[in-house]
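Dear colleague,

I am passing on a structure that you have not worked with before, and below it I have set out what was found in it. Please keep it open beside this message while you read.

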Amino acid sequence: MNTRFACLALAALTLGACTSQPAKDPQPISDADLASDVWKVETLNGNAVDNATLTLNFHAPGKVSGKAACNGYMASYHRDDGQFHIQVGGVTMMACPAALMELEKQFLDTLSDIDQAVLDKDGRLILTGKEGMRVQATR
């Protein structure tokens, strides 16, 4: 009986070691995670961004800048109580076609409403906010 129990226990341990690991949950973001390369926005609020350039460059702790379809922008970011906020500051004032100007407005408005930032299991930057606002970017 003890031999049978030992064999069953060994089999259970062996099978348990063969199970796959659960998917890595998104992790809170750090300044080091954000820094180095420019992040290129792939989707904005669920829509693919393939006809314009939207970027995020976290060039110093608390500072972000980039291209917002038509104009360049500068902003600051901070964390508090597990949340992540971006405050858009200056934006250059070039005129562009109406479609680019609308995309730019949507992007800058979305950045202002962001309250969470994580890296997903594939290393994409995911910014989320109020009312389903979402920015997904890659390096």
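Residues are numbered from 1 along each chain as its sequence is written, and side-chain values use heavy atoms, with hydrogens and water left out.

The aromatic rings

The structure holds 3 aromatic pairs, where rings of Phe, Tyr and Trp (its six-membered ring) pair if their centres lie within 6.5 Å, and planes under 30 degrees apart count as stacked, over 60 as edge-to-face and the rest as tilted. Phenylalanine 58 and tyrosine 77 form one of these pairs, which is edge-to-face, with 5.3 Å from centre to centre and 80 degrees between the planes. Because phenylalanine 58 lies in strand 4 (residues 55-60) and tyrosine 77 in strand 6 (residues 71-80), this pair ties together parts that are 19 residues apart in sequence. Tyrosine 77 is itself buried, with a relative accessible area of 7%, and together with phenylalanine 84 it forms a stacked pair, at 5.3 Å centre to centre and with 25 degrees between the planes. Phenylalanine 84 is buried as well, and ring pairs link Phe58, Tyr77 and Phe84 into a cluster.

Strands 6 and 7

Strand 6 runs antiparallel to strand 7 (residues 83-91), and 7 bridges join them; two strands are taken to pair if DSSP finds at least two bridges between them. Histidine 78 has histidine 85, in strand 7, as its bridge partner. The hairpin formed by these strands has 2 residues between them, and there aspartate 81 takes a positive phi near 50 degrees.

Helix 3

Helix 3 (residues 98-112) has 15 residues and spans 21 Å from its first C-alpha to its last, close to the 21 Å expected at 1.5 Å a residue, the expected span being 1.5 Å times one less than the number of residues. Its buried residues are Leu103, Glu104, Phe107, Leu108, Thr110 and Leu111. They cover an arc of only 160 degrees around the axis, which puts them on the same side of helix 3; the arc is that of the directions from the helix axis to the C-beta atoms.

The protein as a whole

The protein has 3 helices and 10 strands, where helices (H or I, at least four residues) and strands (E, at least two) are DSSP runs, numbered from the N terminus. Of its 139 residues, 30% count as buried.

Confidence

The average pLDDT of the protein is 86, and 80% of the residues score at least 70, pLDDT being the predictor's confidence in each residue, from 0 to 100. Over residues 5-23, however, pLDDT stays under 50, and the model has 1 contact beyond four places in sequence for them, contact meaning heavy atoms within 4.5 Å. Where pLDDT is low, the predicted coordinates should not be read in detail.

Key:
Buried means under 20% relative accessible area, exposed over 50%, partly exposed in between (1.4 Å probe, protein chains only).
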